[in-house]
Each structure stands twice: as C-alpha cells, then as structure tokens.
Amino acid sequence: MGVTGLRGALVLALLSLGGCASLEESLIFHPRPFPDEDRKPEDAAFEDAWVETPDGVKLHGWYAEANEPRAVILYAHGNGGNIAHRRWVVRLFREYLKTSVLVFDYRGYGRSEGTPTEAGILVDARAARRWLAKRAGVRETDIVLVGNSLGGGVAVDLAAKDGARGLVLENTFSSLPDVAASHLKLLPVHWLMQTRLDSTAKIRNYKGPLLQTHGQADDIVPFALGQRLFQAANEPKQFVAIPAGGHNDPPTREYVDALEKFLVKLPPVPR
C-alpha cells in the first residue's frame with residue numbers, strides 16, 4: 001500500500017467533497033498488467049487457476065498443491081502489482097510450510113478482468129475461496145486465510161462473515177481511513193474517504209485462531225494500527241512484532257517459524 005496513493009485520493013476527495021469514489025479507488029489500487037515472460041508458471045507444479053465471480057468477472061491465479069498438505073491456504077495480496085511479483089508466496093507455503101495454496105489477482109490486476117473497487121475485491125476473494133475449496137476438496141470454512149497489507153482487510157472480511165480455519169495477517173491496518181489519518185493528520189479523512197475496509201469493526205465477529213505480524217518500522221501502515229486491530233480481535237491470538245521491519249520486507253525467520261507453529265496447532269479438519 002503506497003502513501004502517495006492515499007494522499008492523492010484524499011486531495012481528490014477534498015476537491016470533490018467526497019463525491020467521486022472512482023477517483024479515490026484509482027489511486028488506492030495500483031494494479032499492473034501481467035508480464036509476458038510470466039504467462040506460464042516456470043514451475044510445473046504451479047497450476048493456472050481461472051475463477052469466475054458472480055458478477056461475471058474472470059480472475060486469474062496460481063494454485064500449488066502439496067502432498068498431504070497440513071493446510072489449504074488462500075493468500076490475498078496487497079494493493080500493488082500482481083501475482084507475478086509474489087511467486088515466492090507459493091514456494092513458501094507449498095515447499096517450506098507443506099500447504100496447498102492459491103494466490104490470486106483481484107479484478108484489474110495481472111490477467112484478471114475488470115476494475116478494482118472495495119466491493120469488487122471482496123467479491124473476488126469470496127469467489128477465489130469457493131474455487132479453492134472445490135479444487136482442494138475441502139469446505140470453504142476449512143481454508144486458512146492469509147492477507148498482506150490491503151489483503152488483510154480482504155481476509156478479515158471473509159473470516160468475519162463466514163469463518164475460517166485460521167486467519168493470518170501481515171502488515172495490515174485497522175481501516176483505510178486510519179492509515180490515511182496517520183499521514184494526513186490535519187484533514188477530516190474519516191469523513192471524506194469512501195473506501196473503508198474497516199477491519200477493526202469486522203474482526204470482532206471472527207472467533208477462530210489469529211496470527212498477526214507487523215514491522216515496527218513500517219512507514220506505510222504504522223505499527224500502532226496493526227496493534228489496534230489485534231486488540232479488537234478475539235482469542236486465541238498471537239502477535240509477532242518484527243524489530244526494524246518495514247512494510248515490504250520479506251518474511252523473517254521469526255515470523256515464518258511462528259507461522260509454521262500456528263499451522264501445526266490449528267484444529268483438525270473434520271473428515
């Protein structure tokens with residue numbers, strides 16, 4: 001998630017008196033087209049996933065299946081780029097953590113059709129989870145949801161409304177207006193922003209296990225906003241603070257170890 005995008009969205013909101021959501025969304029979401037060289041996964045164990053949403057949008061993702069997986073993971077990424085920039089996610093979850101994983105692009109990202117909006121990306125995640133449940137042969141509520149930055153807001157929405165076997169949040173926020181307010185302290189951003197992703201209000205409805213991590217040097221989503229979200233969550237929960245960790249830093253050994261232990265301790269999937 002970029003500070004510049006949020007600042008630009010707020011300036012436009014001020015000029016339009018909060019009346020143009022499309023301008024705001026165009027600056028919050030930063031999709032990139034899929035690079036031609038990554039049209040086909042280089043690893044034969046990656047499988048192209050094509051997901052159709054209820055409103056007829058065709059989404060693209062990568063699915064990797066582990067042998068005897070300890071969990072099935074749906075990974076929701078941040079607001080920039082596309083899944084081609086997250087190949088490491090698939091390798092981490094399949095090869096190191098021994099899980100099956102689907103990482104997908106929201107509408108407008110990579111090879112996915114459409115244009116991203118708050119409502120749209122939430123529809124996309126629900127459709128991706130439905131596809132994953134069918135492909136992996138599990139119930140939707142048996143899937144572990146992992147959300148990074150903006151994707152944390154997406155994952156919280158899914159978990160809060162429908163439940164999940166587990167929820168993992170990486171460098172995510174209490175709400176988008178809270179992030180904006182942390183950078184633009186003199187503006188009434190909570191009144192102006194129409195894109196909300198209010199995870200603090202939603203996470204109280206999630207009753208399952210939570211693992212949350214946040215870099216203490218995150219200058220995009222302040223560490224305090226991650227703590228605010230964690231405080232609103234129900235037990236059982238665990239918070240892993242990363243000293244000197246930035247917003248876009250790669251996963252640390254401390255976090256990966258905590259993630260492995262989290263997955264091992266999850267309640268078993270009913271047979």
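Predicted model: local features only at pLDDT ≥ 70, side-chain atom pairs only at ≥ 80, totals over all residues.
Colleague: Are Phe-34 and Trp-62 buried or exposed?
Modeller: Residues are numbered from 1 along each chain as its sequence is written, and side-chain values use heavy atoms, leaving out hydrogens and water. Buried means under 20% relative accessible area, exposed over 50% and partly exposed in between, with a 1.4 Å probe and protein chains only. On that scale, both Phe-34 and Trp-62 are buried.

Colleague: Nice! How do the planes of Phe-34 and Trp-62 meet?
Modeller: Rings of Phe, Tyr and Trp (its six-membered ring) pair if their centres lie within 6.5 Å; planes under 30 degrees apart count as stacked, over 60 as edge-to-face and the rest as tilted. For Phe-34 and Trp-62 the centres are 5.8 Å apart and the planes are at 85°, so the pair is edge-to-face.

Colleague: And which residues do ring pairs link into a cluster with Phe-34?
Modeller: The whole structure holds 8 aromatic pairs. Ring pairs join Phe-34 into a cluster with Phe-46 and Trp-62.

Colleague: Happy to move on to His-60: which side chain does it join in a polar contact?
Modeller: His-60 is buried, because its relative accessibility is 0%. A polar contact is a pair of N or O atoms within 3.5 Å; within protein, one must be able to donate a hydrogen and the other to accept it, and residues adjacent in sequence count only if both atoms are side-chain atoms. At 2.7 Å, the side chain of His-60 has such a contact with that of Asp-48.
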